[in-house]
Amino acid sequence: MQIKSKVSKIMVLILAMTLVLTWFSGCSQNAENSYKAGTYTAEVDGHNGTITIDVTFSESKITDIAVKDQSETSGLGDAALEQVSENILSEQSLKIDTVSGATVSSSAMLAAVEDCVVQAGGDLSMLKSGNKDSATAETKKLEADIVVVGAGASGISAAISAADMGAKVILIEKTGVIGGASNLSWAGKFVDSSVAIENGLKVDQEKMITDWIENNHWRVDSAAIRQYVAKSGETYDWLAEKGYVTQFINFAGEQLHMLPDYGTREASYKRMLAESVESNGGKVFTQTTGKNLIVNEDGEVTGIVAEQNDGTILEITADSVIIATGGYAANAEMVKENFGFEGINGGLGQNVGEGLEMAWEAGAKIPDNLGGQMLHQTLARATSNLKKEYEGFKASYPMMLTYMPTLMNVNTSGARFRDEAFTLKAVAAANSSAFNGPYHMVVISKAQIDALAEEGLNGIEAPGMPGMPPEFYLDFIDEFTIDNPWKDADEIFDKMVENGDGFKGDTIEELAKNAGMDEKVFVDAFNQYQEACETGLDTAFGKSSDFLVSYGDEGPYYAIIAEINNLGSVGGLLVNTKFQVLDDDRVPVKGLYAVGLESEGVLFNDTYVGNGVGIGYAFTSGRLGGESAATEVLEK
Ligand SMILES: Cc1cc2nc3c(=O)[nH]c(=O)nc-3n(C[C@H](O)[C@H](O)[C@H](O)COP(=O)(O)OP(=O)(O)OC[C@H]3O[C@@H](n4cnc5c(N)ncnc54)[C@H](O)[C@@H]3O)c2cc1C
């Protein structure tokens, strides 16, 4: 007994000491920093140019962050600057998460404040260590009919349609931004929408369905494709009724619908969510990451555990969870493993596959066609460095040439690998390049650069303007004409080489050497190409003689490094037409739904070949998936 009481006394003492130590360590973690009060200025490189900020300090706090100058992407980069600065001020910390698809802008803001902290004599290590303490994190228990995970176009639509049917919905979003990749997108396909029909463009739906299935080698869900073709048109009206009006465009026979102005989208989504989800007793939590699904002993999904940026844990029980987390394109390892692609992630930086992992762990099937990606745009490696010194038009010279069918394209060995007319179609261009290695090169001669300087794109017999996405040339749309001379073209291409973003050689042999190609492979390919230009007959790839333009016989020659942009992974969860997630036996996992990119593998086999389907399917699958989850819940 005596021993026992001694042990308990010692334990009380240890406990007391631990509490005291915890108290002290807590104090030191949250201790105030000290600064030389005043306002300090920093300049950093953002996504589109220099960002200038003023940071004001009292003796113990960062009291204000003012952005003086910036040219970040409207509605995304600028929103990220605001969000990150708000978080720095509220948390008095530099251990702040970056924002949705705006990692560069977010990191630039953090770097700028860091610079000012140093100028103000503050303790950076204290600010960077953060003040989250997981041991004392609060856990909140919440209840809903349906939890939607991810607030991109698909998650927003699912939350709204479920709420409109009467379900109490909680929508959780990892970042501070509502809208996901739709905030960056141009247009969506809503097949035979009322506005397309009004404009006299109707498609043969049966032919569209048959071709679609055939073009994907039948390794797709025919019912899902039929549902999308038949029902996506209604999505146009559904969105319009909610005040989200898209504008029809007949895009070479494709029924595309341009999304509202970039800068207005997030506000529209927030209003739509307030009118449906919040007015029906639901809630939207941003900066809240879905971590694990809650699964009962019968294997049914009954909720989700999520973590907020301040460390608070939300344990949300619900009848259904809808996964709308946008895939894993930002998880380079996962993309490489499943698709062999090592190019650029042009999708959202936060989409790392958490939704898929959660669902697979809860019993969802890993589909046989896992791996598909949305390879969609060609980029020139030179652009971002050139943008630091030149305005958009000049900085985009190399990129514009990557969209030209009249120039020779070679892979890293120096071998020509395609009919360059593929560059006229985004998906063909992107996939044929990616199949040939991490990047390809576009060859141009000094003589052609001189011709560009004199006559613009007419100088290289361009058949039209480069088919780049409109957002790539919005800031120089007035200069984006076929006969606008490319001023300082010489200087720009030399700068590209100087920056290490392209290659130059006085002769073809020297270019091969400098670009790391196999000399024989490149010289043979070049000579064969030149011969094709003379005879008008491309025996290697059958390119039309219209696009066979000779390089002449004089150097120097340049090679532009062209890279492919992956806009998102496609698929990862197998769903039926109610968007219920299926298990290994192709039976629904009770309580689990998936919409948007996470479920898009039912439409495409090994790669995305749609035009506007990304957006069309995100809104449509969300609208239908939300309805079907709500129907199941409310029928209970
Ligand atoms: C630059 C760009 C341009 C594009 N242009 C077009 C176009 O013109 N036309 C077209 O049809 N398609 C286009 N696309 C593709 C299209 O935008 C997408 O297919 C579509 O928006 C995907 O919607 P989603 O809701 O499935 O995913 P997302 O929009 O990616 O939304 C997923 C959301 O989930 C959140 N999230 C991720 N993990 C978690 C987690 N663990 N917990 C909580 N939230 C999480 C993310 O932050 C994100 O907000 C483009 C894509 C990009 C990147």
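**Entry 1**

I began with Gln92, whose place is in the loop between helix H2 (77-91) and helix H3 (103-119). I take helices (H or I, at least four residues) and strands (E, at least two) as DSSP runs, numbered from the N terminus. Gln92 is not a glycine, yet I read a positive phi of about 45° for it. The relative accessible area of Gln92 is 22%, which makes it partly exposed. My cut-offs are under 20% relative accessible area for buried, over 50% for exposed and partly exposed in between, with a 1.4 Å probe and protein chains only.

The model I am reading is predicted: local features need pLDDT of at least 70, side-chain atom pairs count only at pLDDT 80 or more, and totals for chains, interfaces and linings use all residues. Residues are numbered from 1 along each chain as its sequence is written, and side-chain values use heavy atoms, with hydrogens and water left out.

I then looked up Glu461, in the loop between helix H16 (446-455) and helix H17 (489-498). Its phi is also positive, near 55°, and Glu461 is a residue other than glycine. Glu461 counts as partly exposed, at 48% relative accessibility. I noted these values because most residues other than glycine have a negative phi, and most peptide bonds are trans.

Which residues does a cis peptide bond join? I found Gly555 and Pro556, with omega about -10°. Pro556 sits in the loop between helix H19 (519-535) and S20.

**Entry 2. The open sheet**

I traced an open sheet of six strands, in the order S10-S6-S5-S14-S22-S21, with mixed pairing. At the edges I place strand S10 (283-285) and strand S21 (580-582), each of which pairs on one side only. From one strand to the next the twist averages 30°. Strands pair here if DSSP finds at least two bridges between them.

Strand S5 (residues 146-149) and strand S6 (residues 169-172) run in the parallel sense and share four bridges. Val147 has Ile170 of S6 as its bridge partner. Helix H5 (residues 153-164) packs on the sheet and touches S5, S6 and strand S14 (320-323), and its direction makes about 170° with that of S6. Axes are lines fitted to C-alpha atoms, for helices over the stretch in contact, and angles run from 0 to 180 degrees between N-to-C directions. Contact means heavy atoms within 4.5 Å.

**Entry 3. A hairpin**

I followed strand S11 (residues 288-295) into strand S12 (residues 301-308); they run antiparallel and are joined by seven bridges. Ile294 has Gly303 of S12 as its bridge partner. Five residues lie between the strands of this hairpin, where Gly299 takes a positive phi near 80°.

**Entry 4. Helix H15**

Is helix H15 (residues 426-434) mostly covered or mostly open? I found it mostly covered, with seven of its nine residues buried. Among them are Val427, Asn431 and Ser432. The cover includes helix H10 (332-339), strand S16 (373-380), strand S18 (440-445) and strand S20 (557-569).

**Entry 5. Domains 2 and 3**

I took the bounds from an automatic or database domain assignment: domain 1 (38-122), domain 2 (141-182 + 265-372 + 570-635) and domain 3 (374-566). The centres of domain 2 and domain 3, over C-alpha atoms, are 39 Å apart. To the contact, domain 2 gives 17 residues and domain 3 gives 11 residues.

Between them the two domains bury about 1100 Å², 64% of it on carbon and sulfur atoms. Buried area is the accessible area (1.4 Å probe) that two parts lose on being put together, summed over both. Phe341, Ile344 and Tyr608 supply 46% of the area that domain 2 buries against domain 3.
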